[in-house]
Amino acid sequence: MLGLPDDIRAFLFDLDGVLTQTAKVHAAAWKDTFDAFLRAEADRTGGEFVPFDAVADYDTYVDGRPRLDGTRAFLDSRGVDLPEGTPADPPGTRSVHGVSSAKNDTVLRMIREQGVQPYRGSVDYVHRLRALDLPCAVVSSSANCRDVLRAAGIEELFDIVVDGLVAGREGLPGKPAPDTYLAAARKLGVEPARAAVFEDALAGVASGRAGGFGAVVGVDRTGQAEELRRHGATVVVADLAELIEGEPR
Ligand SMILES: O=P(O)(O)OC[C@H]1O[C@@H](O)[C@H](O)[C@@H](O)[C@@H]1O
């Protein structure tokens with residue numbers, strides 16, 4: 001079935017980096033935010049400024065995880081212990097929420113300025129699935145998921161969305177825990193073993209593996225095929241167009 005085993009009956013897609021070209025926008029916004037924070041910390045403590053690595057640090061600590069979890073994981077890797085603060089903390093507040101809200105303001109500005117481009121291969125793939133009446137979901141850690149889907153013009157393609165807002169409301173732990181993917185499979189009425197997960201993030205393929213999904217497709221946009229396999233991808237493609245090649249039209 002479109003490049004995957006025939007018993008796969010439901011298709012669960014991550015958003016940023018799988019459906020839309022927004023993983024690099026998130027990475028740039030995190031770099032902007034963490035570098036400003038780390039520079040201020042270096043000034044405050046007299047320590048050395050070691051910038052955020054938009055590839056290595058992003059992939060390891062931030063990519064695919066809910067916003068606050070990404071902030072905590074990266075700061076923890078640098079031995080920085082911040083108070084949690086509250087969601088009302090404005091950018092500039094020395095708290096987990098303050099850093100996270102600075103990042104959100106930055107990513108929203110970048111998205112406003114640059115617009116959102118979907119990946120053509122992914123959109124074609126989902127169209128093929130819809131033509132076969134197969135259920136499709138978006139499973140994203142992002143609280144901005146609906147707006148990004150709308151800006152890309154692909155919101156109508158999906159039966160359900162489990163995003164950062166749904167996870168918050170339903171008390172679901174974020175990726176790399178499997179709960180958001182499991183919730184999507186449940187809502188579609190399909191056993192995990194008969195559903196496929198599509199992910200570009202290491203935390204995302206790990207959640208596909210932890211959930212016992214029938215296929216975990218690693219989408220390698222940045223040359224990390226081996227890492228994706230090590231974290232749980234059962235197959236790795238550079239673009240979903242590869243899964244369509246050779247299929248009858
Ligand atoms: O900050 P948002 O839009 O709620 O998104 C949370 C996370 O969503 C994930 O999809 C991205 O990979 C992360 O980079 C991002 O931090």
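Figure 1. Helices (H or I, at least four residues) and strands (E, at least two) are DSSP runs, numbered from the N terminus. Among the buried residues of helix 1 are A23, H26, W30, F34 and L38; a residue is buried if 20 or more other C-beta atoms, placed from the backbone, lie within 10 Å of its own. With 23 residues, helix 1 spans 32 Å from its first C-alpha to its last, close to the 33 Å expected at 1.5 Å a residue, where the expected span is 1.5 Å times one less than the number of residues. G46 follows helix 1 and has a positive phi, near 80°. Residues are numbered from 1 along each chain as its sequence is written. The model is predicted: local features need pLDDT of at least 70, side-chain atom pairs count only at pLDDT 80 or more, and totals for chains, interfaces and linings use all residues.

**Figure 2. The shell around the ligand.** D16, H26, R67, S142 and A143 come nearest among the 18 residues around the ligand, a residue being near if its C-beta atom, placed from the backbone, lies within 6 Å. Helix 1 (23–45) and helix 3 (67–77) are the elements that give two or more residues to this shell. By class, the shell holds 6 nonpolar, 9 polar and 3 charged residues; Ala, Val, Leu, Ile, Met, Phe, Trp, Tyr, Cys and Pro count as nonpolar, Asp, Glu, Lys and Arg as charged, and the others, Gly among them, as polar. Domain 1 (10–21 + 116–244) and domain 2 (24–114) each supply at least three residues of the shell, with bounds from an automatic or database domain assignment.

**Figure 3. Contacts between the domains.** In this view, 16 residues of domain 1 are in contact with 11 residues of domain 2, contact meaning C-beta atoms, placed from the backbone, within 7 Å. Helix 7 (164–170) and helix 9 (202–210) give two or more residues to the domain 1 side, and helix 9 provides the largest share, 3 residues. The C-alpha centres of domain 1 and domain 2 are 24 Å apart.

**Figure 4. Strand 1 and its partners.** Strand 1 (residues 10–13) pairs in the parallel sense with strand 4 (residues 195–199) over 4 bridges, pairing requiring at least two DSSP bridges. F13 is opposite F198 in strand 4. Strand 2 (residues 136–139) also runs parallel to strand 1, joined by 3 bridges, and C136 of strand 2 stands opposite F11. A10 and L12 point one way from strand 1, F11 and F13 the other, and all are buried.

Technical notes:
Two residues are in contact if their C-beta atoms, placed from the backbone, lie within 7 Å. A residue is buried if 20 or more other C-beta atoms lie within 10 Å of its own, exposed if 12 or fewer, and partly exposed in between; C-beta atoms are placed from the backbone.
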